Amino acid sequence: MKLATLMAVASLATATGVAAQDRGPSIRDWGRAPGVLPTGPLNAITDVDGVRVGQVTLNHGDSVRTGVTAILPHGGDLFRDKVPAGLKVANGYGKLAGATQIRELGEIESPIVLTNTLSVGAAMEGVVRWTLAQPGHEDIRSVNAVVGETNDGGLNDIRGLHVRPEHVIEAIENAASGPVAEGVVGAGTGTIAFGFKGGIGTSSRRLPQSLGGFTVGVLVQSNYGGVLTIDGVPVGQEIGRYYLKDAVEAEKPDGSIMIVVATDAPLSDRNLERLAERAFAGLARTGAAYSNGSGDYAIAFSTHEGVRRTAARLEGQAAYEEWPNDRMSPLFVAVAEATEEAIINSLFRAETVRSVVDGHEVVIEAVDTDRIKSILDRARPLEARP
């Protein structure tokens, strides 16, 4: 019997795993595709072969609006078959458990879990309990649980500590390949971006065979501020909701974003760190403020079996030549484009959410996609695009 089954509190949680959704248009429905590279078939992080995503949504009562999103680099033994990884921080006002070991060793040995700020401890416990319970792990005495967060206290009773270790285990165990649910789901249930409802978003890019044929997938948990910019147009200004409006108006920019990058390119941890850094180019294109109170993190990992940190490779067997520095640039373009589109998807797929915070009703509206389309069509008609 699975550990999640033994510990589940299913009456309070919705396990979403991966599922297609009909929650409004994507920017592609309007003929506007960020960047120049094609997507994978799902336009999701799961286009990278082997990557799995699982989510548990806590959305009940007047004020519980939170959840868990788990990303598994592959479906095997994550602890024994570690993947190389890199980490970059644009602004470090946040809590990313496991960060120092990623930087020191350049590898990940657990699922990557996203949740809210005050639930990092519970999420770490869930990851550790799940890892220790796996067959063949009876000798393990140390687990580097990787847990990121953003603060969903604007919509969620964050002090209630509603995320428990069993929710994390459930998210990990229902992780699957296929389409990824976006918007108000999992760790994005209570997040806010640019004053609108943010959430989980994902996208991918696939390089042509002449450039390696690799796939780059991105998943984001958007919860930050700035001047919302789409397809190069600062739509936030025309809508009238943006940071520094009238110099002192209180459209709060603080928040955070977690960016998880997967690729099947055979990259070293050093080049994965470089890849993670380029994700912030995509973040910048959306109008991010990179404010003092924002935690902006990007984690990148490679699923390529030739660069896995397996026992055989550590013994000098099955060595694989890593992708060279002078062929990294197309991958940099791919991650910037996928990050930009994942963020847009997190907004476009979201729905208006109501909650009660500190005794007051709070309503965070989804972006008005019809209005955004009108602004884009007027400011940058499709026929005028290069």
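1. A quick definition to start: on a 1 Å grid over the protein atoms alone, a pocket is an open set of points where a 1.4 Å probe fits, with protein on both sides within 12 Å along at least five of seven lines, and lining residues have an atom within 4 Å of a point. This is a predicted model, with local features needing pLDDT of at least 70 and side-chain atom pairs pLDDT 80 or more, while totals for linings use all residues. Residues are numbered from 1 along each chain, and side-chain values use heavy atoms, without hydrogens or water.

2. The second largest pocket holds about 280 Å³ of space. Its lining has 20 residues, with Leu72, Gly75, Gly76, Trp130 and Gln134 nearest the centre. By class, eight are nonpolar, seven polar and five charged.

3. Now to the charged pairs: a salt bridge here is a side-chain nitrogen of Lys or Arg within 4 Å of a carboxyl oxygen of Asp or Glu. The model has 17 salt bridges by this rule.

4. Have a look at Arg32 and Asp377, whose closest N and O atoms are 3.2 Å apart. Arg32 sits in the loop between β1 (14-15) and β2 (52-60) and Asp377 in helix α9 (residues 369-379), so this pair ties together parts 345 residues apart in sequence. Arg32 is buried at 1% relative accessibility, whereas Asp377 is partly exposed at 31%. (Buried means under 20% relative accessible area, exposed over 50%, partly exposed in between, with a 1.4 Å probe and protein chains only.)

5. Arg308 and Asp81 also form a salt bridge, at 2.6 Å from N to O. Arg308 is buried at 7%, and Asp81 is buried at 18%.

How values were computed
Points joined across faces, edges and corners; volume = space filled by probe spheres on them. Nonpolar A, V, L, I, M, F, W, Y, C, P; charged D, E, K, R; others polar. Helix = DSSP H or I, 4+ residues; strand = E, 2+ residues; numbered from the N terminus.
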